[in-house]
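My plan is to look things up one at a time and write down what I find.

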Amino acid sequence: LTAGSLVGFVARREAGRVTRILVRGTIAGLALGTLAWYVAMNAPRLWPRLAGVTLRATAALLRMAGGNVVADGPGHIVGSDGFSVEIAPFCSGVEGMALVAVFVTAYLLRFRRELVFPRALVLLPLSVAIAFAANALRIAVLVLVGAHVSPDVALGGFHSKAGWFLFCAIALSVVG
């Protein structure tokens with residue numbers, strides 16, 4: 001009975017603090033989620049500016065792997081050894097770069113007291129650059145999988161799962 005009374009007393013006393021923490025966390029989560037959604041939906045607008053660079057980087061990676069590389073900048077098509085893909089704006093990696101930027105920005109804001117500023121700000125452009133390079137690598141590997149393993153595997157699971165894996169790996173590595 002005494003332990004129950006103590007728990008009840010502490011729970012009533014801490015209820016306000018716990019409620020404030022939960023409300024702040026919920027509001028921050030909703031704000032961050034809304035920002036991430038907005039950025040992800042509008043990021044493909046950047047694709048026309050980055051398409052040529054992405055395709056050239058992907059083609060360069062494919063050339064290093066060997067094979068007969070095809071790159072059509074205006075058509076956003078890249079391929080090797082008889083397997084080609086058209087890079088659509090929503091599959092371009094621009095969304096991943098934007099989401100990594102939102103994630104790292106949220107990290108910088110949340111841990112601003114523990115981080116060393118302005119040095120910590122380098123994480124933002126660094127994470128976006130890593131996401132850009134990782135996307136070119138993802139597309140090159142996608143083409144190689146399609147050309148040498150299976151077009152169905154390349155366009156099916158690998159296409160989206162590799163993007164999610166790279167996003168998680170980049171975001172968590174940068175903040176780590």
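**Entry 1: a loop residue**

Where is the place of histidine 76? I find histidine 76 in the loop between β1 and β2. I checked its backbone too. Histidine 76 has a positive phi of about 55 degrees, although it is not a glycine. The strands on either side, β1 and β2, form a hairpin with 4 residues between them.

The mean pLDDT of the protein is 84, and 91% of its residues reach 70 or more. Where is confidence lowest, and where is it highest? I find it lowest in helix α1 (residues 2-42), at a mean of 76. It is highest in helix α4 (residues 123-148), at 91. A reminder to myself: where pLDDT is low, the predicted coordinates should not be read in detail.

**Entry 2: the sheet**

I turned to the strands. I see an open sheet of 3 strands, in the order β1-β2-β3, with antiparallel pairing. Which strands stand at the edges? They are β1 (69-72) and β3 (83-86). Each has a single partner strand, so one side of each is left without a neighbour in the sheet. On average, neighbouring strands here are turned by 10 degrees against each other, direction ignored.

Next I followed the pairs. β1 and strand β2 (residues 77-80) pair in the antiparallel sense over 4 bridges. I looked up two residue pairs between them. Aspartate 72 has isoleucine 77 in β2 as its bridge partner. Valine 69 stands opposite serine 80 in β2.

β2 and β3 also pair in the antiparallel sense, over 4 bridges. Here I find valine 78 opposite valine 85 in β3. The hairpin of β2 and β3 has 2 residues between the strands. In that hairpin, aspartate 81 takes a positive phi near 50 degrees.

**Entry 3: α2 against α4**

Now the helices. The axes of helix α2 (residues 47-65) and α4 come within 9 Å and cross at roughly 50 degrees. That makes α2 oblique to α4. The crossing of the two is right-handed.

Which residues meet here? From α2 I list Val53, Thr54, Ala57, Thr58, Leu61, Leu62 and Ala65. From α4 I list Phe132, Asn135, Ala136, Leu137, Ile139, Ala140, Val143 and Leu144. By class, this contact of α2 with α4 has 12 nonpolar, 3 polar and no charged residues.

**Entry 4: α3 against α4**

I moved on to α3. α3 and α4 pack at an angle of about 155 degrees, with their axes 9 Å apart. An angle over 145 degrees counts as roughly antiparallel, and α3 and α4 are therefore roughly antiparallel to each other. Their crossing is right-handed. On the α3 side the contact includes Met97, Val100, Ala101 and Val104. On the α4 side it includes Leu123, Leu124, Ser127 and Val128. The contact of α3 with α4 has 11 nonpolar, 2 polar and no charged residues.

I picked out alanine 101, which lies in helix α3. What does alanine 101 contact, leaving aside its neighbours within four places in sequence? I find Leu124 and Val128. I also looked up a distance: the C-alpha atoms of alanine 101 and alanine 59 are separated by 25 Å. The two are 42 residues apart along the chain.

A cis peptide bond joins phenylalanine 117 and proline 118, with omega about 5 degrees.

**Entry 5: α4 against α5**

Last, helix α5 (residues 151-175). α4 and α5 pack at an angle of about 160 degrees, with their axes 9 Å apart. That makes α4 roughly antiparallel to α5. α4 passes α5 in a right-handed crossing. Among the α4 residues in contact I note Ile130, Ala134, Arg138 and Leu142. Among those of α5 are Leu155, Phe158, His159 and Leu166. How do the residues of this contact divide by class? For α4 with α5 I read 16 nonpolar, 4 polar and 1 charged.

Technical notes:
Residues are numbered from 1 along each chain as its sequence is written. This is a predicted model: local features need pLDDT of at least 70, side-chain atom pairs count only at pLDDT 80 or more; totals for chains, interfaces and linings use all residues. Side-chain values use heavy atoms; hydrogens and water are left out. pLDDT is the predictor's confidence in each residue, from 0 to 100. Axes are lines fitted to C-alpha atoms, for helices over the stretch in contact, and angles run from 0 to 180 degrees between N-to-C directions. Angles under 35 degrees count as roughly parallel, over 145 as roughly antiparallel, 65 to 115 as roughly perpendicular and the rest as oblique. A crossing is left-handed if the near helix is turned anticlockwise from the far one by less than a right angle, and right-handed if clockwise. Contact means heavy atoms within 4.5 Å. Ala, Val, Leu, Ile, Met, Phe, Trp, Tyr, Cys and Pro count as nonpolar, Asp, Glu, Lys and Arg as charged, and the others, Gly among them, as polar. Two strands pair if DSSP finds at least two bridges between them.
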